[in-house]
Amino acid sequence: MVRVKSRYLLCEINISVPSNRLLLEDRPIFSAVKDAVASMHGDYGAAQCSIGFSVKYVNALTGIMLIRCPKSSYRLIWSALPFVTSVELKGRKIPLFLNCLHVGVAGGGELHSGTIRTCQKFLVRYNTQQLHRMLPQCKTTDEKTHVRRAILRSSTKMLKGKEHKDESD
Amino acid sequence: MSLFMDLNLPFTADKKRLKTLLETAAHLGFSTVAINYVHKAQSKGKQEIPKPTPLDQLVDELPIVQGRSRPIKILNRLTILVTDTNHYRTNAAEYKAYDILAVHPTTEKLFHAACMTFDVDIICITITERLPFFFKRAPINAARERGVMFEVCYAAAIRDSTMRRYTLTNGLALVERNNGKNVIISSGTDKALELRGPYDVANLAQLFGMSEAEAKDGVSSNCRSVLLHAETRKTASGIIYTVKTPKDTEPKETDTDTISMVTDEPPSAKKRKTSAETDTDTVSMVTDEPPSAKKQKTSAS
């Protein structure tokens, strides 16, 4: 049996109005990406992305999504991602853009990921980084303690995860 | 991980819009951006080239770059839209206020002149309409020898489908002629929603027929060599440069008349030299030589 190889694109969804972020769902994003591929690469592209292409995960709070695509055509799908300009959510057209966070790029080999697990690992690291960025922007002390606690929690979790891994080794 | 740059963010008088634009660029991971002032040269009369707005008037606080702890670096860039050969003036004093100098030739003759003789850093390629001429290998090779980069903007491609076709056609035509070398990809948009992340831009550049490495160079190392080329253009191959003497170091005892006289002096008042011996010889030797791409690299190190 040969394993079906796929690539995962971890993307950030940038919306100009942050309150609209909570409306995000996987179905509309899927169709928006599919339309972009169809308009960029025509029928051939649309056919390519109808096999093994899906939106695996959408986090409406942080605006992160994960796309799965077959390894043979992931470049094709990725090249169409910049042309996604809006998504129709609840009957409204919401302007947004997608920013790839974690995919393989020549020269930057460390970004390559073939499994959903490496994506998750990257995402944990990325979100911790985001918390660190948020800290200086906090205005009240209440917010500050909140963010600090979140950072502590995430870093202890990471340490625990490492210990588990060491034990299993 | 390399430093990513976006050397074309058009200037808008709207401060709020510019601020969101810069914040988005920093968020996406661009560590250097250039604010672009476009100057449309007209054939009749002498026209003023606008002075760049000082940075502290534009933004109050520079946003921190994603994944780094440094604030974003902002440069000024002038693009001259040339429709006639005499629109570009060599060594005009107005150009000195800008960090990067670019030209946008509209005819084949001007394109040839821009590649062969114009002392600029970037040559812009028309992307919103069908190219009025074909690229020839000779001027493009000459530009490559001199270290001048060609710029392709992607924002128009995002806006609508016909523009996308023109962008792809012209990008393909350019990359076919110069084998993907000496191309930089920049945004050229004043809307934050039309900016794209550096990896997406690199992937987009692959549609022009560039290889993965060349596409990545288009947003990182080629932009860096633009900055170095700009520096060599300003400073006699990056070896000698002139500095304006700071006002507050002047002797305080002198009366007001002399002070005003000193400040009116051209900035060439003080010269700093790296090689102390055989001053005059080095100067003439260096200034006679055209700054080539190889030269930049040695001067950078």
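Cys69(A) is buried, at a relative accessible area of 0% (buried is under 20%, with a 1.4 Å probe and protein chains only). This is a predicted model, where local features need pLDDT of at least 70, side-chain atom pairs count only at pLDDT 80 or more, and totals for chains, interfaces and linings use all residues. Residues are numbered from 1 along each chain as its sequence is written, chains are lettered from A in the order in which they are written, and side-chain values use heavy atoms, leaving out hydrogens and water.

View 1. Cys49(A) is in none, and its nearest cysteine sulfur, in Cys69(A), sits 9.1 Å away. Cys49(A) is also buried, at 1%. What about the sulfur of Cys69(A), which cysteine sulfur is closest? That of Cys11(A), at 8.9 Å, is too far for a bond.

**View 2. Where chain B touches chain A.** Chain B brings 25 residues to the contact and chain A brings 28 (heavy atoms within 4.5 Å). Together they bury about 2,300 Å², 56% of it from carbon and sulfur atoms (accessible area lost on being put together, 1.4 Å probe, summed over both). On chain B, Leu193(B), Tyr199(B) and Asp200(B) lose the most area, together 26% of what that side buries.

**View 3. The salt bridge.** The rule finds 1 salt bridge across this interface (a Lys or Arg side-chain nitrogen within 4 Å of an Asp or Glu carboxyl oxygen). Arg75(A) and Glu212(B) form a salt bridge through their side chains, 3.4 Å from N to O.

Notes
Buried area is the accessible area (1.4 Å probe) that two parts lose on being put together, summed over both. A disulfide is a pair of cysteine sulfur atoms within 2.5 Å. Buried means under 20% relative accessible area, exposed over 50%, partly exposed in between (1.4 Å probe, protein chains only).
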